[in-house]
Amino acid sequence: MKMKLGTMAVAAVMAASPVMADLVFPSLSYRTGPYAAGGIPFADGYADYMNLLNARDGGIGGVMTSVPECETGYNTEKGVECYESTKGEGALVYQPLSTGITYQLIPKATADGIPIHSMGYGRTSAANGDVFSNVFNYPANYWNGASGAINYLMSQGDLAGKKIALVYHNSAYGKEPIRTLEDLSKKHGFKLTLLPVDHPGQEQKSQWLQIRREKPDNVIMYGWGVMNQVAVQEAANIRYPMEDFIGIWWSGSENDVLPAGDAANGYKALTFHGVGNDFPVFEDIQKYVVDAGNAAGAGDQIGTVLYNRGLYAAMLAAEAAKTAQEIHGTADITAAMMRDGMEALEITEAKMAALGLPGFGPEFNVSCANHGGPGLVGMTQWDASAKTWSLINEFAPSDMDVIQPLIDEDSAAYAAENKIASSCK
Amino acid sequence: MFYREAGDFSTSYPEDSQTFPIRFDRYRYYLVLFVAIFVIPFTINDYWVNSIFLPFLIYAIAAIGLNILVGYCGQVSLGTGGFMAVGAYACYKLMTSFPEVSMLIHVLIAGLITAGVGVLFGLPSLRIKGFYLAVATLAAQFFLVWLFNRVPWFYNYSASGQISAPERTVFGIEVTGPNTEAWATYLFCLAFVIVSAVIARNLTRGAFGRKWMAIRDMDIAAEIIGVNPLMAKLSAFAVSSFFIGISGALFFAVYLGAVEVGEAFGITKSFTVLFMIIIGGLGSIFGSFAGAAFLVVLPVVLKLVGVDWLGWPTDIVAHLQLVIVGALIVIFLIAEPHGLAQLWRVAKEKLRLWPFPH
């Protein structure tokens, strides 16, 4: 058995060796399990954009890209296996799309010198690049999201004395915003109720019964996968007003609201990038990727919220790779060079327009001290009759007076625990 | 022809009652040990350790533990994930409270703590059995996971509720944290596996094991011939939980490095270990290893063949794995209830008679 396995592994490595010269962007995807509804469109968007770069521009700086995909099933054990099996291929950056796997990979990838980009998820305090040298979570993180939701609600009216319920996935991911919301509730005088939902989130009757009883003025949700659909359906069942129900960006895709039908009309979700397929880049994707028969997956996700997010993640990775190529003067970059590129990344409106994504996301710069970007958060709303999300509030800043001390505190604790020296000069 | 006891004479009782009475078997066992200790550590890299060897070794300990309870003592348990979580959280609390103490001690104490918890949850087994006991242990599974999620003391009040293993050493060599060497973690786990297997094998051959098997085969008859069911059942729960606790501690500290209780130690973990001993063979130490190896290696092989060779989409391969494992469980339960271990035994019998089976 061992011999057989050994020969198989050797054969697999040999089969993979022609792609060694490419720029490798492993995609730790999940197309199975209770979180597949979120994993599929993201992985498709990520792969399609890299395919587009290969077909249209001949790769990045003349070097072709490759996106080896590895199925994690949102499971941390498989995530470790995927990380170990792909890192030998010259992986430039990991985007595991799972907070649990991100937590796992932070120490490993830092020791291996490979950057992680956890865009809008992962460990929020990784925004402090001084401590987390190899982890990036620009352009926005969970705490920006929590604060953005509260800011939006405050723009609708005073929050003092109001009740806000947080329905969250009972995991590292869902627990992230609690501390921020608690601080904000002290600052603005609203009452916070915490309602955890256990994995995978199909059972939420008791949580929504409590919401029905306590009648909170607003409900904020940090859900993912099948939990989102169930929550929107339950909210509709108890006739909770959808306008008062706000999801984080991971709870705001078409998959989450479509099952509830018309009842989901008016449901709101945060976002940190543009929605819809009204961008020039989609014509290119149609022409170079879909018509060429290279669309990832079933090819039916193009233009959905999470597809766009995968596309955005790929775009940011490609731009960081370009930046790295410029800094180091070589097209064939390594993971360490990629890290430098990510740290020097500048996204301007002119750049996005040139890529066919005008106004798709906020402009921002990454620096050594700030790996988290500006934390600008927009608000979208679901229109059930047109079946579209629309941006109802422009990208607005979040309350960094509350968030920055929390980031500093949490990252300082991590640095002390793991004896990490300051990495910024 | 090659594999036979002819010419193999025992001249003393210990020789006659040793674990591997046939010389060929014994040499094979020494060879496996030699390869595992002196060859593999020099040849493995991160990928082999983290994808195959560590999960195999750690699951093997868990499977040995569960096999003692289910296979030898006949007490069906679905609480394996919960008990592994006890081991992991006990290890975490010990690691963070006493950073200067060797990991070896932490893991052992974590096992002892789990043994205590296991005895506690084993108490209902004195009154209920079979299907109802399975439900009671299922309650333990859910209660323990809920407890570790609910009480912040267990995860040192971290914001995310995750526990992550800081760097700790054994004899000055790092075995946890990100900067470990592949061989160090491998040998650390291997040491636990070898000691666990030897202890388990000898326990099940001795008076304890006979009492457990008597209880398994017919508890009333066992009581009549003088087996104390209280002692037998609770000792089975204690020993089983001890091993499961050790595997949970290693699973968290050495293998994953950071865990989230609901995700890493959920009900699926209990079923995975149960499937391991069903496929491997109930009531067999070798079966625990075979089952663990099978369920750890199968997904990796499927991925190598399906994704890397044949270029199939990753989701098809992932689904295929579920289908294959499910089908195998059904097939084994129908065709070979004693699992891979029985196939191995039959093969050995055939080999002994070969080439003249009559």
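Predicted model: local features only at pLDDT ≥ 70, side-chain atom pairs only at ≥ 80, totals over all residues.
Reader: OK, so what is the order of the strands in the open sheet?

Author: The sheet has seven strands from chain A, and reading across it they come in the order β8-β7-β9-β10-β11-β14-β15, with mixed pairing. β8 (191-197) and β15 (388-396) of chain A stand at the edges, and because each has a single partner strand, one side of each is left without a neighbour in the sheet. On average, neighbouring strands of this sheet are turned by 25° against each other, if direction is ignored.

Reader: Let me look at β14(A) then. How many of its seven residues are buried?

Author: Five of the seven are buried, so strand β14 (residues 377-383) of chain A is mostly covered. To one partner, strand β11 (residues 268-271) of chain A, β14(A) is joined by four bridges, and the two run antiparallel; across this pairing, A:L270 stands opposite A:M379.

Reader: How many bridges join β14(A) to β15(A)?

Author: There are six bridges between β14(A) and β15(A), and these strands also run antiparallel, with A:T380 standing opposite A:L391 of β15(A). The two strands form a hairpin with four residues between them, and in that turn A:K387 has a positive phi of about 55°.

Reader: Switching to helices: which residues of α15(A) are buried?

Author: The buried residues in α15(A) are A:V402, A:I403, A:I407, A:D410, A:S411 and A:Y414. They lie on the same side of α15(A), because they cover an arc of only 135° around the axis. On the other side of α15(A), the exposed residues are A:D401, A:P405 and A:A416.

Reader: What covers the buried residues there?

Author: The cover includes α5 (142-156) and α7 (178-188) of chain A. As for the helix itself, α15 (residues 400-418) of chain A has 19 residues and reaches 26 Å from its first C-alpha to its last, close to the 27 Å expected at 1.5 Å a residue. After α15(A) comes A:K419, whose phi is positive, near 55°.

Reader: Another spot: is A:P68 buried or exposed?

Author: A:P68 is buried, because 20 other C-beta atoms lie within 10 Å, and its place is in the loop between β3 (65-66) and β4 (69-71) of chain A. Leaving aside neighbours within four places in sequence, A:P68 is in contact with A:V24, A:P26, A:T86 and A:E89. A:P68 and A:P26 are 42 residues apart in sequence, but from C-alpha to C-alpha they are 5.0 Å apart in space.

Reader: What about chain B, how many helices and strands does it have?

Author: Chain B comes to 15 helices and four strands. Its radius of gyration is 21 Å, which agrees with the value near 21 Å for a compact globule of 358 residues, and 46% of those residues are buried.

Reader: Which of its helices is largely enclosed?

Author: One of them is α4(B), which is largely enclosed by the rest of the structure because 15 of its 18 residues are buried.

How values were computed. Residues numbered from 1 in each chain as written. Chains lettered and ligands numbered in written order. Expected span 1.5 Å × (residues − 1). Buried ≥ 20, exposed ≤ 12 C-beta atoms within 10 Å, placed from the backbone. Arc of directions from axis to C-beta. Contact = placed C-beta atoms within 7 Å. Rg over C-alpha atoms; globule rule 2.2 N^0.38 Å. Pairing = 2+ DSSP bridges. Axes fitted to C-alpha atoms, helices over the stretch in contact; angles between N-to-C directions.
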